[in-house]
Amino acid sequence: MPRNFKIQDKMTIDLIIRDKVLEAVEKLYEQKMPVESVQVQITRKEFEGDLTVIVFPFLRFSKKSPEQTAEDLGNYLLQNINEIDKFNVVKGFLNLGISSSYWLSVLNNAYANPDFGFKKASDESPLVMVEYSSPNTNKPLHLGHIRNNLLGYSLCEILKANGNRVVKTNIVNDRGIHICKSMLAWQQWGNGETPESSGMKGDHLVGKYYVLFDKEYKKEIAGLVASGMGNDDAEQNAPSIVAARELLRKWENKDPETIGLWKTMNGWVYKGFDVTYKKMGVDFDKIYYESETYIIGRDEVMRGLNEGIFYQKEDGSVWADLTADGLDHKILLRSDGTSVYMTQDIGTAKERFNDYTIDKMIYVVGNEQNYHFQVLSILLDKLGFEWGKGLHHFSYGMVELPNGKMKSREGTVVDADDLIEEMVHVARKTSEELGKLEGLPEHEAEETFRLIALGALKYFILKVDPKKNMLFNPEESIDFNGNTGPFIQYTYARIQSVLRKAAEQGIVLQPLDMNLDVAAKEQELIKKVVLFESVVEEAGNLYSPALIANYVYDLVKEFNQFYHDFSILKEENDQVRNLRLALAETIAKIIRSGMKLLGIGVVERM
RNA sequence: GCCUCGGUAGCUCAGUUGGAUAGAGCAACGGCCUUCUAAGCCGUAGGUCAUGGGUUCGAGCCCCGUCCGGGGUACCA
C-alpha cells in the first residue's frame, strides 16, 4: 500500500514540483491556476518513477490529449528541476524519476538526526491536557479500559512529538451509588476480608463484592416479585438497594465510619490500579477525584441557576434548556440536591483550567458519550467559560467480544490483568519453543517476554482506527505473526543483530557517498523513511495512533523483503554496504521512535 | 420515533484533498533455512467495496433514497 500517506506540503521536492507545474501551465498554456489544483502523489509500485503528477485537471487549458499534456509538462520539469532525471507518461499520469543524490541527501538527513520526525516543545509551546483512563473504583480494569489507556497514552506521546507540552490527567470516579454497593456487600458478607487476608489484588477484591451485591440484589427482587410485588417496586424496595442508598446518604453527610470504610476500600483499589497501570506502562501527571470536584460543579450549577442560565422544577431538580441548541433539556442536579455525572464534569473542567494554562483540553472517552460531551461543552460555554466551546472529545469506538458487549456485572469481561498475564505466558512459550533467548539471564528474558506480550496487545488495539468499533477475539487475537507488534519488534531485533555483527567485524559507518547510484529497493526504502516525519505530523493532526502503526508496519514489511533478498554485511562494494548499514540503522531508529509513540518498547533480540 | 456512527475477501482490518488493475494480516494450499535471526520471505486462491440512483473525464471515497448493524436519546456513569 504505497499510497496511504499524504506527502503534500511535506517533502521539499514535492513543493518544488507543484511550483514548477504551475509555472509550466502558465508558460505553456497561458493559464494561472491555484496551487491546490496540482496533485502530486507517490507513484504506485507497478509503475516506473517516484512521484506522479496527475494531468487531467490541466486538460481544459492545454486542449490537448492527456498524453501530450503530460509530455509537455514532463519536458518542462525535466529541464527546470535539477532533482528530476527522467519521466514517463502513462495515460494522464506523469511519472517523475528523482535522482539518486536527492534520495541520498534525504537519507543522510534522517540518519544524522537522532530525533528524526520529532519536534521539540519549548515553554512557549501549546499546552495540551489529555484526560484518559477515568476508572470507577468499584471494579478492576478490563479490556475496554485497556483501549482507553493505550489510546490516551499514545495520543500524549504523539502530541509531544509534535511539539506540544502535554499534561496527562485522570479523573477517578470514586464516589456514588456504585461505590456504595460494593461497600455494602463487603459489610454484609465480607467477614473482614482484606487483600492481605485473601491474597487477592485489591481492585479484584472490591470488584468481587460489587458482583456479589448485584447477585444478592437480584435474588431479593425475585423474592419480592414472587410474593406479589411489582417489578419496579421490588427494584426500589429490595433491602440491599435501600441499604446502599442509606450508605450514600451517610457518605454525603460525612459519617466517619462510612468515610473510613470508603477510604479503606478505595485504597485497596488504588493499589491494584497502580499495579495494572504499571504493567500497561501508562502514567499520569495529575489526578483528579470526583469526590472533590463534584462540589465545585454543584456550586457552578447553583451559580447558573441564580444567574438564570438554568432553571428549577417544582420538585427542586435543576435543569438546562438546550432546545435553542437543537438539543433537549438536561438535568444537572437531582431533586434531592445530589449531583449527577454532568455536575462533576463541570467542576473538574473548571478546576483544571484554574490549575493550568490550558490551550487545548482533550477527553479520551468512548463514543457512547458523544452526547454527554456535546452538552458539557455547551453548558460550560453558557456558564461563561470562554474555553467551553473548545473542549475536544477524542471519541473512540467500543471493543466488542465475539459474543457481544462486555458487562462487568454479568462477568462477561476480559480482565486487564488476566489478559496481560495470558499474553506474557504465550510470549514465553513461543520464545522457548523457538529456542530464542538461550543464554540470556532469566530476568532479561522475562523482561523480553513482557515487552513482546505488551507489544502484541498494544499494537493489536492501536492499529485500528480509534473512531471505529473493534472486535477482540481472545483466542485469535493473541498472535505474534504477520501484522503484529512482535513482527515489528522482530525486525528491529534483526537489525540490531546485524549492527552488532558489524561492530564485531570492525565495520565503521562512513559518510554516504553522494555520487552513488541507488538501486531500486534501497530507494523504495528511503522513500518510506522520509515519510515518517509527515506521518507523525498527520497522526498529531488527526489524533490517530493507527496512522503510526500502519506506517511502521508498511516500512517493516518492505525492510524484511530487502533483508531477505540482499545481504548487508556481505556486500562487496564498500559504498553500497555502507549505504545499506546506514539505511538499516535509520530504519531501526524509526521503528524505535514509532513504537515509542504507541507506548511499545523494542527488544534487542528475540 | 428522533439524533448519530458504521457496512470493503471466510475472519480481523488498511485504503490521504475523488485518480492508474481496491490492499495487508489471519485462516487454506504450495514453495524457500550449510548463507546477516524462518516470530521471516515468495507464490496460489479468495471482492457485484450492503443496495438503488445521481454528480464527474474519473467514485470504496461526494450527494439523495433503501436495507442491515452499533451507540445515544434516563433524577445511570
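Colleague: Before we look at any pair of helices, how is the angle between two of them defined?

Modeller: Each axis is a line fitted to C-alpha atoms, over the stretch in contact, and the angle runs from 0 to 180 degrees between N-to-C directions. In this predicted model, helix α10 (residues 239-252) packs against helix α11 (residues 256-280) at an angle of about 100 degrees, and their axes are 8 Å apart. Since angles of 65 to 115 degrees count as roughly perpendicular, α10 is therefore described as roughly perpendicular to α11.

Colleague: Which residues of α10 and α11 make the contact?

Modeller: From α10 come Leu 247, Lys 250 and Trp 251, while α11 brings Thr 258, Ile 259 and Trp 262. Sorted by class, the residues of this contact are four nonpolar, one polar and one charged.

Colleague: At what angle do α12 and α13 cross?

Modeller: The axes of α12 (residues 290-306) and α13 (residues 341-355) cross at roughly 95 degrees and come within 6 Å, and these two helices are therefore also described as roughly perpendicular to each other. On the α12 side the residues that meet the partner include Gly 297 and Val 301, and on the α13 side they include Gly 347 and Lys 350. The contact of α12 with α13 has four nonpolar, six polar and five charged residues.

Colleague: How is α4 oriented to α21, and which hand does the crossing have?

Modeller: Helix α4 (residues 100-112) and helix α21 (residues 574-597) have axes that come within 9 Å and cross at roughly 50 degrees, which means that α4 is oblique to α21. The crossing of α4 and α21 is left-handed. Leu 104, Leu 107, Ala 110 and Tyr 111 of α4 make the contact with residues of α21, among them Leu 579, Ala 582 and Leu 583. By class, this contact of α4 with α21 has seven nonpolar, one polar and two charged residues.

Colleague: How can empty space be found in a model?

Modeller: The general idea is that rolling a probe the size of a water molecule over the atoms shows where empty space is left. Here, the second largest pocket holds about 480 Å³ of space. It is lined by 23 residues, of which Gly 49, Asp 50, Gln 523, Glu 524 and Lys 527 are the closest to its centre.

Colleague: Which element supplies the largest share of the lining of the second largest pocket?

Modeller: That is α19, with six residues, while β3 (84-90), β4 (93-98) and α19 (520-542) each supply at least two. By class, the lining of the second largest pocket has seven nonpolar, six polar and 10 charged residues.

Technical notes. Residues are numbered from 1 along each chain as its sequence is written. Chains are lettered from A and ligands numbered from 1 in the order in which they are written. This is a predicted model: local features need pLDDT of at least 70, side-chain atom pairs count only at pLDDT 80 or more; totals for chains, interfaces and linings use all residues. Side-chain values use heavy atoms; hydrogens and water are left out. Helices (H or I, at least four residues) and strands (E, at least two) are DSSP runs, numbered from the N terminus. Angles under 35 degrees count as roughly parallel, over 145 as roughly antiparallel, 65 to 115 as roughly perpendicular and the rest as oblique. A crossing is left-handed if the near helix is turned anticlockwise from the far one by less than a right angle, and right-handed if clockwise. Contact means heavy atoms within 4.5 Å. Ala, Val, Leu, Ile, Met, Phe, Trp, Tyr, Cys and Pro count as nonpolar, Asp, Glu, Lys and Arg as charged, and the others, Gly among them, as polar. On a 1 Å grid over the protein atoms alone, a cavity is a set of points where a 1.4 Å probe fits but cannot get out, and a pocket is an open set with protein on both sides within 12 Å along at least five of seven lines; lining residues have an atom within 4 Å of a point. Grid points are joined across faces, edges and corners, and a volume is the space filled by probe spheres set on the points.
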